[in-house]
Amino acid sequence: MAETLVAPVIQVKDAGIRFKRNRRSRRSFKDLFAGRGRRARPDEFWALRDVSFDVQPGEAIGVVGRNGQGKSTLLKLVAEVVYPDEGSVGVHEGVAPLIEITGGFVDDLTVRDNVYLTAGLHGMKKAEIDARFDEIIEFSEIGDFLDTPYKHLSSGMKVRIAFAVISRLEEPIILVDEVLAVGDKAFREKCYRRIEELLAGGRTLFFVSHSEKDLRRFCTRGLYLDKGALVMDAPIAEVLDRYNAEYGVKK
Amino acid sequence: MSASVQSRAQSPASSYRHSLWLLTTRDLKVRYTTSFLGYFWSILDPLVMAAIYWIVFTQIFNRGTAVEQPYIIFLLTALLPWTWFNGAVSDATRAFTKEAKLIRSTKIPRTIWVARLVLSKGIEFLISIPVIIFFALISLGTNDPAQLHWQVALVPLAIVMQAALAFGVGLIVAPLVVFFRDLERAIKLGLRFLFYASPIVYGLEGLHSPLRELVALNPLSGIFSIYRSAFFPAELNWFDVAVSAVFTVVILAVGFIVFRRTVPTVLKEI
């Protein structure tokens, strides 16, 4: 990798990914071993195509677009939990993905075990978790339920503890999908303050939201996705203006 | 609070081990905290099976030659490893579907999702070994005392071969089941067939040609013959072991290729 003055932390180049329209259709063995070409199959569509952008360390990026235009897919590509069918996605730093954050939690284990498990799976060592454990529990406000099986928590509590864990990962890149829609207003505000804290600490943020207010609050740069293509890459205010002009409700 | 923004440098191998161990202990913890009998369940299944076969073959069919005494030891030395293999492969059919949420949110190397099954079932196998010791001690008071031979030193070799074989099969099975859901049931059926095609209730040395050659082609045969040779040295046949080793290497290689080719599609499907 060429050393520029500030190397980008995320490099997306001509990335494209396609999904099957009909999830039930079966594939043949031939398909599996035929390699990844630019074959267009009738039952598939490109969720994203020819998307290219670089992200510098410390940037706060908001992803804008209507439902089903590839926002979450883009986030998953950056989180490297799916791979592009063409082009490349390079992520050069650790990522704390606030995507499906409760996914790693096991119903039958206690809150305590779950904290160690999830943080551990995201690369934290036991000593590091020990050091942050009290902080995580204090943030999530569920200190009384430490030894309760996770399944007995309310859905709000589940999201709270999950957010508390993932947001304590000392990773330079944070991805936020619309997870914060859950939880009461006070806790949401707390989460937002935590994100601002992380941003102030020099983190790179990748934020997907439908809330114009939140986007303006956190982000400086906007990516506008429409029909699987990146149609605009500009300061967030300009991106939101165009989005409102095309799809927004007239004020 | 530390505000350092730096990635924790960890070698890929050590972070692989770290994640693998976390998920394996999670599996075992879940299994042992959610059921009252806990550990006992890991040994109960092979124990009941062993009791059934022991009754059928020694009491009903009145079978048993000098070589295969005590028959319960003969059974268990292959049945316990079989329980490991069977458990790992049948769990591998659900390796991706059962953990879909977690797989969608972490980017740890995907082979871990198969490896953890082989490892956790392997640990259950190891902690079930005292059952064999228990019966061996009991047999000391009978007319056919079990005798341990130097071949017991070969058991680690059998464990390594079996782990590699189960891992290879798992790497093939796990992604393909995502595309072909029917495969899950086909695998169950195949495993039941494989049980009788492996020297578990019978011994390799008691078979006649051409059945003997056919069974020897089963990669489990050589592996089981090593376990068995600890008490029944006549069962050990290096040719069978070599056949197993070759098959294991081939299956493992095919497993890695299939897994690598299919994983990007698997991640989109789950």
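Predicted model: local features only at pLDDT ≥ 70, side-chain atom pairs only at ≥ 80, totals over all residues.
Q: How is chain A divided into domains?
A: The domain assignment gives two pieces: domain 1 covers 10-93 + 209-246, and domain 2 covers 98-208.

Q: How many residues are in contact between those two domains?
A: On the domain 1 side there are 20 residues, and they are in contact with 14 residues of domain 2 of chain A.

Q: Which elements of domain 1 give two or more residues to that side?
A: They are β3 (60-64), α2 (71-79) and α7 (212-218) of chain A.

Q: And which one gives the most?
A: That is α2(A), with 6 residues.

Q: What kinds of residues are on that domain 1 side?
A: The side of domain 1 that touches domain 2 in chain A has 12 nonpolar, 4 polar and 4 charged residues.

Q: Changing topic: how many residues of chain A are in contact with chain B?
A: Chain A has 31 residues in contact with 28 residues of chain B.

Q: Now chain B. What should helix α1 of chain B span, going by its residues?
A: Helix α1 of chain B runs over residues 12-34, which is 23 residues. At 1.5 Å a residue it should span 33 Å, and its end C-alpha atoms are 33 Å apart, so the two agree.

Q: Which residues of α1(B) are buried?
A: The buried residues are B:Ser19, B:Leu20, B:Leu22, B:Leu23, B:Thr24 and B:Arg26.

Q: What covers them?
A: The cover for the buried residues of α1(B) includes α3 (111-121) of chain A and α5 (112-128) of chain B.

Q: One more residue: where is B:Trp54?
A: B:Trp54 is in helix α2 of chain B, residues 39-60.

Q: Why does B:Trp54 count as partly exposed?
A: B:Trp54 has 18 C-beta neighbours inside 10 Å. A residue needs 20 or more to be buried and 12 or fewer to be exposed, so one in between is partly exposed.

Q: What does B:Trp54 touch, leaving out residues up to four places away in sequence?
A: B:Trp54 touches B:Tyr71, B:Ile72 and B:Leu75.

Q: How far apart are B:Trp54 and B:Tyr71?
A: B:Trp54 and B:Tyr71 are 17 residues apart in sequence, and their C-alpha atoms are 7.0 Å apart in space.

Notes. Residues numbered from 1 in each chain as written. Chains lettered and ligands numbered in written order. Domains from an automatic or database assignment. Contact = placed C-beta atoms within 7 Å. Helix = DSSP H or I, 4+ residues; strand = E, 2+ residues; numbered from the N terminus. Nonpolar A, V, L, I, M, F, W, Y, C, P; charged D, E, K, R; others polar. Expected span 1.5 Å × (residues − 1).
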